[in-house]
Amino acid sequence: QNFGAIITQTNITEQKRNEQIKFEAKLKLEKTEKALNEAQKLAHVGSWLFDIASLKSEWSGEMFRIWNFDPKEGAPEFDPIVERVHKDYVDLFYGSLSNAVKQGAPFDIEYRICIPDHGEKVVRTICQPVMDEKGEVVSLTGSTQDVTEQKLFEESQVEHQRLKAIGEMSSSIAHDFNNSLQE
């Protein structure tokens, strides 16, 4: 009785090399993403993307921190975002977004947001519409920065300068008054 055997060999060197390249690329991507998240956290700048066709958004971790939404629930719908925009800035916010979607107009705006149980923040949003080959807006991309501390610092500097000017003026008046008494 003769038993035949068929032996096949497959060279998996190329497959293993591709798997190693994918693994290294994944590690590099994770490292880059971690560095980006840390940089955004330090600068208080979040990034976002809004797809017009699906009406879905993607937010960075810092966006969730700035707006105080839970990242486990995913990027919020439009209405909950608008509800957090201070009433004095809703028209500016909505108008800027509307112009970006309808006309492809980029914007750079500052406005206040109200965070439940955390008070108000001042934020700056920069938006750039992304167009398709026909010139139609397909998505919006941008960043939002929490500039609350910067605004408070600027206000304190203005107050400091005002008090300094009042002090200098008072000193000058007192000096002039003393001179007039000595005459």
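**Entry 1: helix H4**

I looked up helix H4, residues 90-103, in this predicted model. Helices here are DSSP runs of H or I with at least four residues, strands are E runs of at least two, and both are numbered from the N terminus. H4 has 14 residues and spans 19 Å from its first C-alpha to its last, close to the 20 Å expected at 1.5 Å a residue. The expected span is 1.5 Å times one less than the number of residues.

Next I listed the buried residues of H4, where buried means under 20% relative accessible area, exposed over 50%, and partly exposed in between (1.4 Å probe, protein chains only). They are Phe93, Ser96, Leu97, Ser98 and Ala100. An α-helix has 3.6 residues a turn, so residues three or four places apart point the same way. I then asked what covers the buried residues of H4. The cover includes helix H3 (78-84) and the strands E3 (107-115), E4 (119-131) and E5 (137-146). Just after H4, I noted Gly104 with a positive phi of about 75°.

**Entry 2: conventions**

I noted that residues are numbered from 1 along each chain as its sequence is written. The model is predicted, so local features need pLDDT of at least 70 and side-chain atom pairs count only at pLDDT 80 or more, while totals for chains, interfaces and linings use all residues; side-chain values use heavy atoms, with hydrogens and water left out.

**Entry 3: the protein as a whole**

I counted elements and found 5 helices and 5 strands. From the N terminus, their order is α-β-β-α-α-α-β-β-β-α. Of the 183 residues, 23% count as buried. For contacts (heavy atoms within 4.5 Å), I took residues at least 6 apart in sequence; 41% of these contacts join residues at least 24 apart. The protein exposes about 13800 Å², and carbon and sulfur atoms supply 54% of that area. Accessible areas come from the Shrake-Rupley method with a 1.4 Å probe, and for residues only the protein chains shown count as cover.

**Entry 4: Arg65 and Lys121**

I went to Arg65, which sits in helix H2 (residues 61-67). Arg65 counts as partly exposed because its relative accessibility is 41%. Leaving out residues up to four places away in sequence, Arg65 touches Lys41 and Lys121. I also checked Arg65 against Asp146: the two are 81 residues apart along the chain, and their C-alpha atoms are separated by 9.7 Å.

Lys121 is in strand E4.

I then looked at backbone oxygens around the side chain of Lys121. The backbone oxygen of Ile66 lies 2.7 Å from a polar atom of that side chain, and the backbone oxygen of Arg65 lies 3.3 Å from one. Beyond four places in sequence, Lys121 touches Arg65, Ile66, Tyr111, Arg112, Ile113, Ile115, Asp146 and Thr148.

**Entry 5: salt bridges**

I searched the whole structure and got 7 salt bridges. Lys87 and Asp88 form one of them, at 3.7 Å from N to O. Lys87 is exposed because its relative accessibility is 68%, and Asp88 is exposed at 51%.

Arg112 also bridges to Asp88, with the closest N and O atoms 3.9 Å apart. This pair links distant parts of the chain, as Arg112 is in strand E3 and Asp88 in the loop between H3 and H4, 24 residues apart. Arg112 is partly exposed at 25% relative accessible area.

Asp108 and Arg124 meet in a salt bridge at 2.4 Å, N to O. This pair too links distant parts of the chain: Asp108 is in strand E3 and Arg124 in strand E4, 16 residues apart. Asp108 is partly exposed with a relative accessible area of 43%, and Arg124 is partly exposed with 30%.

**Entry 6: Ser139**

Is Ser139 buried or exposed? I have Ser139 in strand E5, and it counts as buried because its relative accessible area is 9%. Apart from neighbours within four places in sequence, Ser139 is in contact with Leu49, Phe50, Asp51, Ile52, Gln128, Pro129 and Val130.

Note on methods
A polar contact is a pair of N or O atoms within 3.5 Å; within protein, one must be able to donate a hydrogen and the other to accept it, and residues adjacent in sequence count only if both atoms are side-chain atoms. A salt bridge is a side-chain nitrogen of Lys or Arg within 4 Å of a carboxyl oxygen of Asp or Glu.
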